[in-house]
Amino acid sequence: MYRLTNDETYLIKAKLFALIMMHPDFQKQSRVPDRPWSLFEGWAGALTFLSDLLNPNTANFPLIPIPFSH
């Protein structure tokens, strides 16, 4: 949403979610996903999300071209 709207609120929320996701208490209480390496519920999705935070202006769903640019 940040890439589409340039609204900093979305970027701040994404960064806060990343902090929560990486916190040891969250990791201890999370269930083990059915497919731990999957894009939708596993580490592949988490790594994709975290890498998008490094450059949010080019964030997109993996393997899908970016249809919108400023």
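I take buried as under 20% relative accessible area, exposed as over 50%, and partly exposed as in between, with a 1.4 Å probe and protein chains only. By that scale Leu 4 is partly exposed, at a relative accessible area of 41%.

**Ground rules**

The model is predicted, so I note that local features need pLDDT of at least 70, that side-chain atom pairs count only at pLDDT 80 or more, and that totals for chains, interfaces and linings use all residues. Residues are numbered from 1 along each chain as its sequence is written, and side-chain values use heavy atoms, with hydrogens and water left out.

**Entry: overall layout**

I looked up the secondary structure. The protein chain has four helices and zero strands. Here helices are DSSP runs of H or I with at least four residues, strands are E runs of at least two, and both are numbered from the N terminus. Along the sequence I read α-α-α-α.

Next came burial. The protein chain has 70 residues, and 20% of them are buried. It exposes about 5700 Å², with carbon and sulfur atoms supplying 65% of that. Those areas come from the Shrake-Rupley method with a 1.4 Å probe; for residues, only the protein chains shown count as cover.

Then I checked contacts, meaning heavy atoms within 4.5 Å. Among contacts with a separation of 6 or more in the protein chain, 48% join residues 24 or more positions apart.

Leu 4 sits in helix 1.

Asn 6 is in the loop between helix 1 (2–5) and helix 2. Its phi is near 60°, a positive value in a residue other than glycine. I flagged this, because most residues other than glycine have a negative phi. Asn 6 counts as partly exposed, at 39% relative accessibility.

**Entry: the core**

Which residues make up the largest nonpolar core? I find five: Tyr 2, Leu 11, Ala 14, Ala 18 and Leu 53. Helix 2 gives the most to this core, with three residues. A nonpolar core here is a set of buried Ala, Val, Leu, Ile, Met, Phe, Trp, Tyr and Cys residues joined through side-chain atoms within 4.5 Å.

I followed Leu 11 further. Setting aside neighbours within four places in sequence, Leu 11 is in contact with Tyr 2, Leu 53 and Pro 56.

**Entry: the end of helix 2**

Is Met 21 buried or exposed? Met 21 counts as buried, at 12% relative accessibility. Met 21 lies in helix 2. Not counting residues up to four places away in sequence, I list Phe 26, Gln 27, Ala 46, Phe 49 and Leu 50 as touching Met 21. Met 21 and Ala 46 are 25 residues apart along the chain, with their C-alpha atoms separated by 8.6 Å.

Met 22 is also in helix 2 (residues 8–22). Met 22 is partly exposed, with a relative accessible area of 38%. I find Met 22 in a nonpolar surface patch of about 500 Å², together with Trp 37, Trp 43 and Leu 47. Patches take residues with over 30% relative accessible area and no salt bridge; like charges are joined within 9 Å, nonpolar side chains (Val, Leu, Ile, Met, Phe, Trp, Tyr) within 5 Å.

**Entry: His 23 and helix 3**

His 23 is in the loop between helix 2 and helix 3. His 23 is partly exposed, at a relative accessible area of 38%. A polar atom of the His 23 side chain lies 3.0 Å from the backbone nitrogen of Asp 25.

I counted one salt bridge in the structure. The term needs a side-chain nitrogen of Lys or Arg within 4 Å of a carboxyl oxygen of Asp or Glu. The side chains of Lys 28 and Asp 25 form it, at 3.7 Å from N to O. Lys 28 and Asp 25 are three residues apart in helix 3 (residues 24–29), so about one helical turn separates them. Lys 28 is exposed, at 67% relative accessible area, while Asp 25 is partly exposed, at 39%.

**Entry: Gly 45**

Gly 45 is in helix 4 (residues 43–54). Gly 45 counts as buried, at 17% relative accessibility. Leaving aside neighbours within four places in sequence, I find Gly 45 in contact with Ser 38 and Leu 39. Gly 45 and Phe 61 are 16 residues apart in sequence and 9.8 Å apart in space, C-alpha to C-alpha.

Notes. Polar contact = N/O pair within 3.5 Å; in protein donor to acceptor, adjacent residues only side chain to side chain.
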